[in-house]
Amino acid sequence: MRFFLGGYSADMGGRAEGIGTLLAGDPDDGSAGGELARRAEVAVGAESPSWIACHPTRAVVYAALEGRGVVQAYRRTGEEGFIALGAPVEAGDAVCHLAVAPAGDALIAACWGDGRLVRMSLDAEGRPSQPSVLAAASDPYALVGISQEPRPSRAHHVRFLPRDTMATTDLGLDLVRFWRGTGTQGSRDVALPRQTGPRHSRWHPSEHLFVVTEQSNELYALAPDASGQWRVAAGVALSPGALAGDAAAELAFSRDGRFVYAGLRGSNTIAVVEVRGDGAQLRPVALVDAGVEGPRHHVVVRDTLLVAGQHSDEIAALTLNERTGVPGRARRRVDAPSPTCLLPAS
(Lines give C-alpha, C1' and ligand atoms only; values in the text may rest on other atoms or scores of the structure.)
Protein backbone atom coordinates (compact mmCIF):
# COMPACT_ATOMS: atom_id res chain seq x y z
CA MET A 1 0.00 0.00 0.00
CA ARG A 2 1.13 3.52 -0.74
CA PHE A 3 0.87 6.58 1.53
CA PHE A 4 1.92 10.17 0.98
CA LEU A 5 3.70 11.83 3.89
CA GLY A 6 3.32 15.40 5.09
CA GLY A 7 6.02 16.83 7.32
CA TYR A 8 7.89 19.82 8.69
CA SER A 9 10.83 21.15 6.71
CA ALA A 10 13.69 23.44 7.76
CA ASP A 11 11.51 26.56 7.80
CA MET A 12 9.70 25.08 10.82
CA GLY A 13 12.60 23.24 12.42
CA GLY A 14 12.04 19.91 10.67
CA ARG A 15 13.94 17.64 8.28
CA ALA A 16 11.38 16.95 5.57
CA GLU A 17 11.99 18.30 2.07
CA GLY A 18 8.45 18.01 0.76
CA ILE A 19 5.74 15.39 0.34
CA GLY A 20 7.23 11.93 0.75
CA THR A 21 6.07 8.45 -0.19
CA LEU A 22 5.70 5.46 2.17
CA LEU A 23 5.22 1.86 1.05
CA ALA A 24 3.57 -0.43 3.60
CA GLY A 25 3.17 -4.14 2.90
CA ASP A 26 3.26 -5.91 -0.44
CA PRO A 27 1.64 -4.21 -3.46
CA ASP A 28 -1.18 -6.78 -3.62
CA ASP A 29 -1.69 -7.02 0.14
CA GLY A 30 -4.72 -5.29 1.66
CA SER A 31 -2.88 -4.97 4.98
CA ALA A 32 -0.18 -2.47 5.93
CA GLY A 33 1.46 -4.97 8.27
CA GLY A 34 4.30 -6.00 5.95
CA GLU A 35 7.65 -4.35 5.39
CA LEU A 36 7.83 -0.57 5.53
CA ALA A 37 9.89 1.43 3.03
CA ARG A 38 10.22 5.10 2.16
CA ARG A 39 11.22 6.48 -1.20
CA ALA A 40 14.51 8.33 -0.97
CA GLU A 41 13.28 11.10 -3.29
CA VAL A 42 10.29 13.25 -2.35
CA ALA A 43 7.21 13.16 -4.56
CA VAL A 44 7.42 16.95 -4.76
CA GLY A 45 9.49 19.55 -2.94
CA ALA A 46 7.52 21.81 -0.60
CA GLU A 47 8.02 23.88 2.54
CA SER A 48 6.38 22.25 5.58
CA PRO A 49 3.37 20.51 4.00
CA SER A 50 2.14 19.65 7.50
CA TRP A 51 -1.29 18.47 6.33
CA ILE A 52 -2.24 16.97 2.98
CA ALA A 53 -5.65 15.96 1.62
CA CYS A 54 -6.95 14.62 -1.68
CA HIS A 55 -9.72 15.69 -4.04
CA PRO A 56 -12.68 13.25 -4.01
CA THR A 57 -12.69 12.67 -7.79
CA ARG A 58 -9.62 14.34 -9.31
CA ALA A 59 -5.98 13.22 -9.16
CA VAL A 60 -5.17 16.29 -7.08
CA VAL A 61 -3.62 16.64 -3.62
CA TYR A 62 -3.70 19.78 -1.48
CA ALA A 63 -1.04 20.77 1.02
CA ALA A 64 -1.24 23.21 3.91
CA LEU A 65 2.21 24.85 3.78
CA GLU A 66 2.09 25.84 7.42
CA GLY A 67 5.11 28.13 7.65
CA ARG A 68 4.11 30.13 4.57
CA GLY A 69 0.41 30.32 5.47
CA VAL A 70 -0.73 29.14 2.05
CA VAL A 71 -2.49 26.20 0.39
CA GLN A 72 -0.87 24.63 -2.68
CA ALA A 73 -2.59 22.21 -5.05
CA TYR A 74 -0.63 19.48 -6.85
CA ARG A 75 -1.71 17.35 -9.80
CA ARG A 76 -0.55 13.77 -9.62
CA THR A 77 1.69 12.55 -12.43
CA GLY A 78 1.77 8.78 -12.29
CA GLU A 79 1.61 6.86 -9.03
CA GLU A 80 4.13 8.89 -7.04
CA GLY A 81 4.81 12.19 -8.79
CA PHE A 82 3.27 15.66 -8.44
CA ILE A 83 3.42 18.99 -10.23
CA ALA A 84 2.04 22.27 -8.92
CA LEU A 85 -1.51 23.05 -10.03
CA GLY A 86 -1.72 26.81 -10.10
CA ALA A 87 -0.17 29.26 -7.68
CA PRO A 88 -0.31 28.96 -3.87
CA VAL A 89 -3.39 30.58 -2.33
CA GLU A 90 -3.15 32.59 0.86
CA ALA A 91 -4.95 31.09 3.86
CA GLY A 92 -3.63 32.56 7.11
CA ASP A 93 -1.06 32.35 9.85
CA ALA A 94 0.05 28.76 10.55
CA VAL A 95 -2.50 27.03 8.34
CA CYS A 96 -2.51 23.53 9.83
CA HIS A 97 -5.44 21.60 8.37
CA LEU A 98 -7.70 21.48 5.36
CA ALA A 99 -10.57 19.37 4.08
CA VAL A 100 -12.18 19.14 0.66
CA ALA A 101 -15.97 19.26 0.35
CA PRO A 102 -17.54 15.98 -0.81
CA ALA A 103 -18.80 17.66 -3.99
CA GLY A 104 -15.24 18.68 -4.82
CA ASP A 105 -16.21 22.31 -5.37
CA ALA A 106 -14.50 23.88 -2.35
CA LEU A 107 -12.00 23.35 0.42
CA ILE A 108 -11.82 24.80 3.92
CA ALA A 109 -8.49 25.61 5.55
CA ALA A 110 -8.00 26.05 9.31
CA CYS A 111 -5.32 28.41 10.58
CA TRP A 112 -3.94 27.84 14.05
CA GLY A 113 -2.00 31.10 14.21
CA ASP A 114 -4.77 33.62 13.63
CA GLY A 115 -7.90 31.47 14.08
CA ARG A 116 -9.10 31.97 10.52
CA LEU A 117 -11.26 29.50 8.62
CA VAL A 118 -10.85 30.13 4.92
CA ARG A 119 -13.05 28.83 2.11
CA MET A 120 -11.51 28.37 -1.33
CA SER A 121 -13.46 27.58 -4.48
CA LEU A 122 -12.20 24.70 -6.63
CA ASP A 123 -12.58 24.82 -10.40
CA ALA A 124 -13.25 21.86 -12.69
CA GLU A 125 -9.58 20.82 -12.54
CA GLY A 126 -9.43 21.15 -8.76
CA ARG A 127 -7.49 24.42 -8.75
CA PRO A 128 -8.20 26.58 -5.63
CA SER A 129 -8.96 30.30 -5.80
CA GLN A 130 -11.18 33.04 -4.36
CA PRO A 131 -10.28 32.67 -0.67
CA SER A 132 -12.89 34.06 1.71
CA VAL A 133 -12.77 34.14 5.48
CA LEU A 134 -15.68 32.53 7.35
CA ALA A 135 -17.33 34.16 10.35
CA ALA A 136 -14.93 34.48 13.27
CA ALA A 137 -15.45 32.62 16.54
CA SER A 138 -16.32 34.33 19.82
CA ASP A 139 -15.14 33.22 23.24
CA PRO A 140 -18.22 31.67 24.91
CA TYR A 141 -16.73 32.17 28.35
CA ALA A 142 -16.00 35.86 27.82
CA LEU A 143 -19.70 36.33 27.02
CA VAL A 144 -20.67 35.15 30.49
CA GLY A 145 -17.81 36.92 32.25
CA ILE A 146 -15.74 33.83 33.10
CA SER A 147 -12.63 34.55 31.05
CA GLN A 148 -10.48 37.17 32.75
CA GLU A 149 -8.19 37.83 29.79
CA PRO A 150 -8.86 37.74 26.05
CA ARG A 151 -8.13 34.32 24.59
CA PRO A 152 -6.91 33.83 21.01
CA SER A 153 -8.93 31.86 18.49
CA ARG A 154 -7.03 28.77 17.25
CA ALA A 155 -8.91 27.09 14.41
CA HIS A 156 -7.42 23.62 14.08
CA HIS A 157 -9.54 21.07 12.21
CA VAL A 158 -12.26 20.70 9.58
CA ARG A 159 -14.56 17.70 9.13
CA PHE A 160 -17.34 17.31 6.54
CA LEU A 161 -20.30 15.37 7.95
CA PRO A 162 -23.44 13.84 6.43
CA ARG A 163 -26.51 15.95 5.64
CA ASP A 164 -24.56 18.89 4.23
CA THR A 165 -22.91 19.73 7.56
CA MET A 166 -19.36 20.75 8.40
CA ALA A 167 -17.69 20.73 11.82
CA THR A 168 -14.64 22.77 12.82
CA THR A 169 -12.69 22.92 16.07
CA ASP A 170 -11.26 25.97 17.81
CA LEU A 171 -8.55 24.85 20.20
CA GLY A 172 -8.08 28.28 21.74
CA LEU A 173 -11.74 29.03 22.51
CA ASP A 174 -12.87 25.48 23.45
CA LEU A 175 -15.42 25.41 20.64
CA VAL A 176 -16.77 22.88 18.19
CA ARG A 177 -18.57 24.80 15.46
CA PHE A 178 -21.21 23.37 13.10
CA TRP A 179 -21.92 24.88 9.71
CA ARG A 180 -24.35 24.27 6.87
CA GLY A 181 -22.58 23.42 3.63
CA THR A 182 -19.17 25.02 3.36
CA GLY A 183 -19.76 27.74 5.90
CA THR A 184 -21.61 30.39 3.94
CA GLN A 185 -24.60 30.38 6.32
CA GLY A 186 -22.91 30.91 9.69
CA SER A 187 -22.28 28.47 12.51
CA ARG A 188 -23.96 26.97 15.54
CA ASP A 189 -21.36 26.55 18.25
CA VAL A 190 -20.95 24.03 21.08
CA ALA A 191 -18.71 25.05 23.96
CA LEU A 192 -16.69 22.29 25.61
CA PRO A 193 -15.47 22.79 29.19
CA ARG A 194 -12.98 25.61 29.55
CA GLN A 195 -9.34 24.83 28.74
CA THR A 196 -10.05 21.48 27.15
CA GLY A 197 -8.67 22.52 23.73
CA PRO A 198 -10.63 20.57 21.08
CA ARG A 199 -8.16 19.54 18.39
CA HIS A 200 -9.29 16.87 15.90
CA SER A 201 -12.54 15.04 15.20
CA ARG A 202 -13.88 11.85 13.61
CA TRP A 203 -17.36 10.88 12.44
CA HIS A 204 -18.38 7.61 14.07
CA PRO A 205 -20.75 5.02 12.52
CA SER A 206 -23.10 5.64 15.48
CA GLU A 207 -23.57 9.17 14.07
CA HIS A 208 -21.70 10.84 16.89
CA LEU A 209 -18.91 13.28 16.22
CA PHE A 210 -15.95 12.29 18.39
CA VAL A 211 -13.60 15.10 19.40
CA VAL A 212 -10.22 14.73 21.10
CA THR A 213 -8.98 17.57 23.32
CA GLU A 214 -5.31 18.51 23.29
CA GLN A 215 -5.16 20.29 26.63
CA SER A 216 -7.30 18.06 28.85
CA ASN A 217 -6.66 14.75 27.01
CA GLU A 218 -10.32 13.78 26.84
CA LEU A 219 -12.67 12.26 24.29
CA TYR A 220 -16.10 13.82 23.70
CA ALA A 221 -19.06 12.48 21.74
CA LEU A 222 -21.38 15.10 20.22
CA ALA A 223 -24.76 14.54 18.58
CA PRO A 224 -27.74 16.67 17.48
CA ASP A 225 -30.93 16.67 19.52
CA ALA A 226 -34.46 16.54 18.08
CA SER A 227 -34.30 20.23 17.19
CA GLY A 228 -31.02 19.82 15.33
CA GLN A 229 -28.94 21.60 17.98
CA TRP A 230 -25.65 19.82 18.60
CA ARG A 231 -24.86 18.91 22.20
CA VAL A 232 -22.31 16.96 24.21
CA ALA A 233 -23.59 13.40 24.65
CA ALA A 234 -20.62 11.97 26.57
CA GLY A 235 -17.08 12.69 27.66
CA VAL A 236 -14.30 10.65 29.24
CA ALA A 237 -10.60 10.97 30.06
CA LEU A 238 -8.52 9.15 27.45
CA SER A 239 -6.70 7.22 30.16
CA PRO A 240 -6.12 7.43 33.91
CA GLY A 241 -2.48 6.76 33.07
CA ALA A 242 -1.98 9.90 30.98
CA LEU A 243 0.83 12.09 32.29
CA ALA A 244 0.95 15.77 33.14
CA GLY A 245 2.21 17.55 30.05
CA ASP A 246 0.64 15.11 27.60
CA ALA A 247 -0.97 16.65 24.54
CA ALA A 248 -3.47 14.60 22.54
CA ALA A 249 -3.08 14.70 18.77
CA GLU A 250 -5.04 12.46 16.39
CA LEU A 251 -8.02 10.08 16.48
CA ALA A 252 -8.63 6.90 14.50
CA PHE A 253 -11.19 4.07 14.70
CA SER A 254 -10.84 0.32 14.52
CA ARG A 255 -12.39 -1.23 11.41
CA ASP A 256 -15.64 -2.02 13.20
CA GLY A 257 -15.76 1.33 15.04
CA ARG A 258 -15.69 -0.38 18.42
CA PHE A 259 -12.40 1.17 19.51
CA VAL A 260 -10.97 4.67 19.32
CA TYR A 261 -7.22 5.30 19.19
CA ALA A 262 -5.82 8.64 20.37
CA GLY A 263 -2.16 9.64 20.26
CA LEU A 264 -0.64 11.29 23.34
CA ARG A 265 2.50 13.34 22.77
CA GLY A 266 4.67 13.65 25.86
CA SER A 267 4.27 10.14 27.20
CA ASN A 268 4.43 8.89 23.56
CA THR A 269 1.50 6.55 23.99
CA ILE A 270 -1.70 5.47 22.27
CA ALA A 271 -4.86 5.56 24.38
CA VAL A 272 -7.58 3.03 23.55
CA VAL A 273 -11.22 3.82 24.33
CA GLU A 274 -14.07 1.37 23.77
CA VAL A 275 -17.35 2.60 22.28
CA ARG A 276 -20.47 0.90 23.64
CA GLY A 277 -24.25 1.06 23.31
CA ASP A 278 -25.54 3.77 21.01
CA GLY A 279 -22.10 5.34 20.69
CA ALA A 280 -22.26 7.58 23.76
CA GLN A 281 -20.91 5.03 26.25
CA LEU A 282 -17.14 5.42 26.36
CA ARG A 283 -14.72 3.29 28.39
CA PRO A 284 -10.92 3.66 28.50
CA VAL A 285 -9.38 0.22 28.14
CA ALA A 286 -5.61 0.61 27.59
CA LEU A 287 -2.64 2.92 27.27
CA VAL A 288 0.24 1.48 25.21
CA ASP A 289 3.61 2.55 23.86
CA ALA A 290 3.22 4.35 20.53
CA GLY A 291 6.57 3.03 19.32
CA VAL A 292 7.68 6.55 18.32
CA GLU A 293 8.43 9.93 19.87
CA GLY A 294 5.83 12.62 19.29
CA PRO A 295 2.95 10.54 17.84
CA ARG A 296 1.54 13.34 15.70
CA HIS A 297 -0.71 11.32 13.39
CA HIS A 298 -1.85 7.73 12.89
CA VAL A 299 -4.11 5.68 10.64
CA VAL A 300 -5.70 2.25 10.91
CA VAL A 301 -5.25 -0.09 7.95
CA ARG A 302 -7.06 -3.38 8.63
CA ASP A 303 -5.07 -5.03 11.46
CA THR A 304 -2.32 -2.42 11.59
CA LEU A 305 -1.88 0.99 13.22
CA LEU A 306 0.64 3.18 11.40
CA VAL A 307 2.01 5.93 13.67
CA ALA A 308 3.97 8.99 12.53
CA GLY A 309 6.63 9.99 15.07
CA GLN A 310 7.34 13.66 14.45
CA HIS A 311 10.21 13.87 16.94
CA SER A 312 11.85 10.50 16.28
CA ASP A 313 11.73 10.88 12.47
CA GLU A 314 10.05 7.56 11.78
CA ILE A 315 6.88 5.64 11.01
CA ALA A 316 6.05 2.60 13.13
CA ALA A 317 3.60 -0.23 12.44
CA LEU A 318 1.73 -1.67 15.44
CA THR A 319 -0.34 -4.83 15.14
CA LEU A 320 -3.92 -4.49 16.41
CA ASN A 321 -5.63 -7.22 18.39
CA GLU A 322 -9.04 -6.96 16.77
CA ARG A 323 -10.74 -8.79 19.66
CA THR A 324 -9.43 -6.61 22.49
CA GLY A 325 -8.68 -3.53 20.39
CA VAL A 326 -5.24 -3.14 21.99
CA PRO A 327 -2.18 -2.42 19.80
CA GLY A 328 0.93 -4.50 20.36
CA ARG A 329 4.53 -3.33 20.25
CA ALA A 330 5.92 -1.83 17.06
CA ARG A 331 6.97 -4.68 14.80
CA ARG A 332 8.13 -2.62 11.84
CA ARG A 333 9.54 0.88 11.49
CA VAL A 334 11.15 3.04 8.84
CA ASP A 335 12.96 6.38 8.91
CA ALA A 336 10.84 9.35 7.83
CA PRO A 337 11.87 13.00 8.35
CA SER A 338 9.61 14.96 10.73
CA PRO A 339 6.35 13.25 9.65
CA THR A 340 3.07 14.97 10.52
CA CYS A 341 0.46 13.38 8.23
CA LEU A 342 -0.20 10.02 6.56
CA LEU A 343 -2.46 10.15 3.50
CA PRO A 344 -3.51 6.86 1.86
CA ALA A 345 -2.92 7.11 -1.88
CA SER A 346 -6.02 6.20 -3.86
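**Cavities**

I looked up the second largest cavity and found about 60 Å³ of space in it. The model is a predicted one. The lining of this cavity consists of Ser50, Trp51, Cys96, His156, Arg199, His200, Arg296 and Thr340. I noted that β5 (49-54) and β18 (198-203) are the elements giving two or more residues to that lining. Sorted by class, the lining holds two nonpolar, four polar and two charged residues.

I then searched the whole structure, which gave two cavities of 30 Å³ or more. The largest cavity contains about 90 Å³ of space. It is lined by 14 residues, and those closest to its centre are Leu5, Ala16, Gly18, Gly20 and Pro337. Here the elements that supply two or more lining residues are β1 (2-7) and β2 (18-24). I counted the classes in the lining of the largest cavity as six nonpolar, five polar and three charged.

I followed an open sheet of four strands, in the order β14-β15-β16-β17, with antiparallel pairing. From one strand to the next, I get an average twist of 20 degrees. Inside the sheet I checked β15 (residues 165-170) against β16 (residues 175-180): they are antiparallel and share six bridges. For threonine 169, I found valine 176 in β16 as the bridge partner.

**Salt bridges**

How many salt bridges does a search of the whole structure find? I have 22 on the list.

I took arginine 2 and glutamate 80 to begin with; their closest N and O atoms are 3.0 Å apart. Glutamate 80 is partly exposed, at a relative accessible area of 22%. I also found a network of salt bridges linking Arg2, Arg39, Glu79 and Glu80.

Next I checked aspartate 313 and arginine 15, whose side chains meet in a salt bridge at 3.4 Å, N to O. Aspartate 313 sits in the loop between β27 (304-309) and β28 (314-320), and arginine 15 in the loop between β1 and β2, 298 residues apart. Arginine 15 counts as exposed, with 52% relative accessibility.

My last pair was glutamate 274 and arginine 258, with 3.1 Å between the closest N and O atoms. Glutamate 274 belongs to strand β24 (residues 269-276) and arginine 258 to the loop between β22 (247-253) and β23 (259-265), so the pair ties together parts 16 residues apart in sequence. Is glutamate 274 buried or exposed? I noted buried, at 6% relative accessibility. Arginine 258 is partly exposed, at 35%.

Methods: Residues are numbered from 1 along each chain as its sequence is written. This is a predicted model: local features need pLDDT of at least 70, side-chain atom pairs count only at pLDDT 80 or more; totals for chains, interfaces and linings use all residues. Side-chain values use heavy atoms; hydrogens and water are left out. On a 1 Å grid over the protein atoms alone, a cavity is a set of points where a 1.4 Å probe fits but cannot get out, and a pocket is an open set with protein on both sides within 12 Å along at least five of seven lines; lining residues have an atom within 4 Å of a point. Grid points are joined across faces, edges and corners, and a volume is the space filled by probe spheres set on the points. Ala, Val, Leu, Ile, Met, Phe, Trp, Tyr, Cys and Pro count as nonpolar, Asp, Glu, Lys and Arg as charged, and the others, Gly among them, as polar. Two strands pair if DSSP finds at least two bridges between them. Axes are lines fitted to C-alpha atoms, for helices over the stretch in contact, and angles run from 0 to 180 degrees between N-to-C directions. A salt bridge is a side-chain nitrogen of Lys or Arg within 4 Å of a carboxyl oxygen of Asp or Glu. Buried means under 20% relative accessible area, exposed over 50%, partly exposed in between (1.4 Å probe, protein chains only).
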